Amino acid sequence: MKIEEHISLKPLTTFGIGGKARYFSRAGSVAELEEAVVFAKKEKVPIFILGGGSNVLISDEGFAGLVIKMDILGIEFVPKKSGVVEVVAGAGEEWDYLVGLAVEKGLHGIENLSHIPGSVGAAPVQNIGAYGVEVKGTISFVEVFDIESGETRVLKNKGCQFSYRDSIFKGEKGKQLIVTKVGFELKSNGKVNISYRDLEAYFSKKKVDAPTLAEVRQAVVEIRCAKLPDWRVIGTAGSFFKNPIVTKRSFVALRKLYPELLSYPWSKGAVKLSLAWILDNVCNAKGFHVGKATVYKNQALVLVNEGGASAEEVKELASKLQALVKEKTGIMIEPEVQWVE
Ligand code: EPU
């Protein structure tokens, strides 16, 4: 295990923003991870685990501790009961590579999560979701390294406390847990799910009623390419905020003000609102900018770095949007992207 110093984090994030890591190390195995953790404990510095860098905004001052780039690789397909295969992947594998492999092998469950940048290890942390599917529906287990005890253990799905863009790993209790490996239960005899509006529209336009797995993956890729910026070309971390979940009562009141307000059913007493719709139609936010940090022209929930934006500019733009949404709707919106300093 090698510890490097003063490493720029900017190129390791899809936003293309961020200062330097005081210490930096790559962990290709649990043993290397353990060594890196021991080093941070000895130096009494905090640890930050970096996956694909696709959901973080790193401060311009960087991180004054040890950044560990998760590089644990390996993908196995383990047949379970009939029609079910458990896919076990190292946290450092690229998420979309795994989705592509699963689709090639005819395994259902994560095809709607195609083309999401980032690593396998980040998928449970963030409970990634798109096109009507959340990864929590397929995760069988998450193997973690516990910084406090120095041991590796396994959490079953329930133990991960998944909810919308959230899990135990984001909260106080999960802070000392580093994801090293994830198990997914996929089905060889599953059905595709094309109930999400954009997918339904895509296939009805093509007059396809029963798309194959590969066709669903292709559809998701095309829809995402049309709406979301290509992070290889323009700096971004995808949706910057979470869609707000409000009580039915607040929803009814808001709809009086904005009759076209777009929403999704959530639970008995709650509704999930489309923040992209609010930012676009209520706040007219497309094109708003602070310096080189801009609200993306095709998707108002997405903030982009037009080239050379600072973390402070993104933060200021985000605060402005928060204040505007609060003023217009009374809702305090929360970032989805993790702030690192
Ligand atoms: N819309 C607008 N204006 C816009 C963009 C969207 O009015 O500028 C309306 C459209 O009617 C559209 C609807 O909002 O049909 C929903 O937009 P979209 O399908 O893009 O979904 P979203 O709710 O904005 C969420 C996820 C995305 C995920 C998509 C697709 C969150 C925070 N974001 O966005 O995830 O790809 O659904 O399922 O839940 C991410 O997390 O980084 C991400 C990109």
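## Notebook: helix packing and the listed active site

I began with a helix pair: the axes of helix 4 (residues 197–205) and helix 5 (residues 213–227) come within 10 Å and cross at roughly 110°. This is a predicted model, where local features need pLDDT of at least 70, side-chain atom pairs count only at pLDDT 80 or more, and totals for chains, interfaces and linings use all residues. Residues are numbered from 1 along each chain as its sequence is written, and side-chain values use heavy atoms, with hydrogens and water left out.

A few terms I jotted down before going on. Helices (H or I, at least four residues) and strands (E, at least two) are DSSP runs, numbered from the N terminus. Axes are lines fitted to C-alpha atoms, for helices over the stretch in contact, and angles run from 0 to 180 degrees between N-to-C directions.

**Entry 1: helix 4 on helix 5**

How do helix 4 and helix 5 lie to each other? They are roughly perpendicular (under 35 degrees counts as roughly parallel, over 145 as roughly antiparallel, 65 to 115 as roughly perpendicular and the rest as oblique). I noted that helix 4 passes helix 5 in a right-handed crossing (left-handed if the near helix is turned anticlockwise from the far one by less than a right angle, right-handed if clockwise).

Then I listed who touches whom, with contact meaning heavy atoms within 4.5 Å. From helix 4 come Asp198, Leu199, Tyr202 and Phe203. On the helix 5 side they meet Glu215, Val216, Gln218, Ala219, Val220, Glu222, Ile223 and Lys227. Sorted by class, this contact has 7 nonpolar, 1 polar and 4 charged residues (Ala, Val, Leu, Ile, Met, Phe, Trp, Tyr, Cys and Pro count as nonpolar, Asp, Glu, Lys and Arg as charged, and the others, Gly among them, as polar).

**Entry 2: helix 2, another partner of helix 5**

Next I followed helix 5 to helix 2, where the axes come within 9 Å and cross at roughly 150°. That makes helix 2 roughly antiparallel to helix 5. Asp96, Val99, Gly100 and Val103 of helix 2 make the contact with Leu213, Ala214 and Arg217 of helix 5. I count by class 4 nonpolar, 1 polar and 2 charged residues there.

How many residues of helix 2 are buried? I found 8 of its 10 (helix 2 is residues 95–104), where buried means under 20% relative accessible area, exposed over 50%, and partly exposed in between, with a 1.4 Å probe and protein chains only. The buried ones are Trp95, Asp96, Leu98, Val99, Gly100, Leu101, Ala102 and Val103. Their cover includes strand 6 (75–79), strand 7 (84–90), helix 3 (122–126), strand 12 (177–187) and helix 5. After helix 2 I came to glycine 106, whose phi is positive, near 75°.

**Entry 3: helix 7 and helix 8**

Helix 7 (residues 275–282) packs with helix 8 at an angle of about 85°, their axes 11 Å apart. So this pair, too, is roughly perpendicular. Leu275, Ile278, Leu279 and Val282 of helix 7 make the contact with Leu321, Val325, Lys328 and Thr329 of helix 8. By class I get 6 nonpolar, 1 polar and 1 charged residue.

Why is helix 7 described as largely enclosed by the rest of the structure? Because 6 of its 8 residues are buried. Those are Leu275, Ala276, Trp277, Ile278, Leu279 and Val282, and they pack against strand 16 (270–273) and helix 8. Just after helix 7, I saw asparagine 284 with a positive phi of about 50°.

**Entry 4: the listed active site**

I checked UniProt, where an unreviewed entry lists Arg165, Ser239 and Glu336 for "active site". Although spread over 172 residues of sequence, they cluster in space, with a largest C-alpha distance of 11.1 Å. UniProt positions are given in the numbering used here, feature names are shortened, and annotations may be inferred rather than shown by experiment.

Serine 239 is in strand 13 (residues 235–239). Leaving aside neighbours within four places in sequence, serine 239 is in contact with Leu301, Val302, Glu336 and Val337.

Where is glutamate 336 found? I located it in the loop between helix 8 (311–329) and strand 20 (338–340). Glutamate 336 is buried, at a relative accessible area of 7%. With neighbours within four places again left out, its contacts include Arg165, Ser239 and Lys170.
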